[in-house]
Amino acid sequence: MFNAGRKTSSPGTALSEKQAKKEKERLIKELQLITEERNDLRDRLRFLTERSMKNMPHFRPNPYYEDLERMEEAVMSILHNLEMENTEVHENSHKLKKEITFSR
C-alpha cells in the first residue's frame, strides 16, 4: 500500500531525467549569459555615472588627485626644461667638435 503512490524506475523516468538534465544545462547557460549582460550593463552605468558626476558643478574631485595632477604638471615642466637644456648642450657640443676638427 505504501508503494501505491510511488513510481518505480522505468524508461519514462529515465527520459524525464535526461530532459531535466538538458533543461538544467540550458538554464545554467542562460543564467551565465544574463549575468554577463548584467555585469556589462553595470559597467556601462558606472562609466556614465562617473562621467556625468565629473560634469556636475557641485562635484569636487579627490583633493589628493588634484595634488597629484599639480605634481605631475611640475614634473612634466621640469622634464621639458631638461630636455630643452639637453638639446642645447648637445648642439653646443656638436659645434665645438666641428670647431676642434676644423682647427686641426
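Asp-40 comes out partly exposed, because its relative accessibility is 35% (buried is under 20%, exposed over 50%, partly exposed in between, with a 1.4 Å probe and protein chains only). This is a predicted model, where local features need pLDDT of at least 70, side-chain atom pairs count only at pLDDT 80 or more, and totals for chains, interfaces and linings use all residues. Residues are numbered from 1 along each chain as its sequence is written, and side-chain values use heavy atoms, leaving out hydrogens and water.

**View 1. Asp-40 pairs up with Arg-44 in a salt bridge**. The N to O distance is 3.2 Å; a salt bridge here is a side-chain nitrogen of Lys or Arg within 4 Å of a carboxyl oxygen of Asp or Glu. Both residues sit in helix H1, 4 residues apart, about one turn of the helix (helices are DSSP runs of H or I, at least four residues, numbered from the N terminus).

**View 2. Glu-23, Arg-26 and Glu-30 form a salt-bridge network**. Between Arg-26 and Glu-30, the closest N and O atoms are 3.0 Å apart. This pair also belongs to helix H1 (residues 11–55), with a spacing of 4 residues. Glu-30 is partly exposed because its relative accessibility is 36%, and Arg-26 is partly exposed at 43%.

View 3. Arg-70 has 49% relative accessibility, so it counts as partly exposed.

Methods:
Helices (H or I, at least four residues) and strands (E, at least two) are DSSP runs, numbered from the N terminus.
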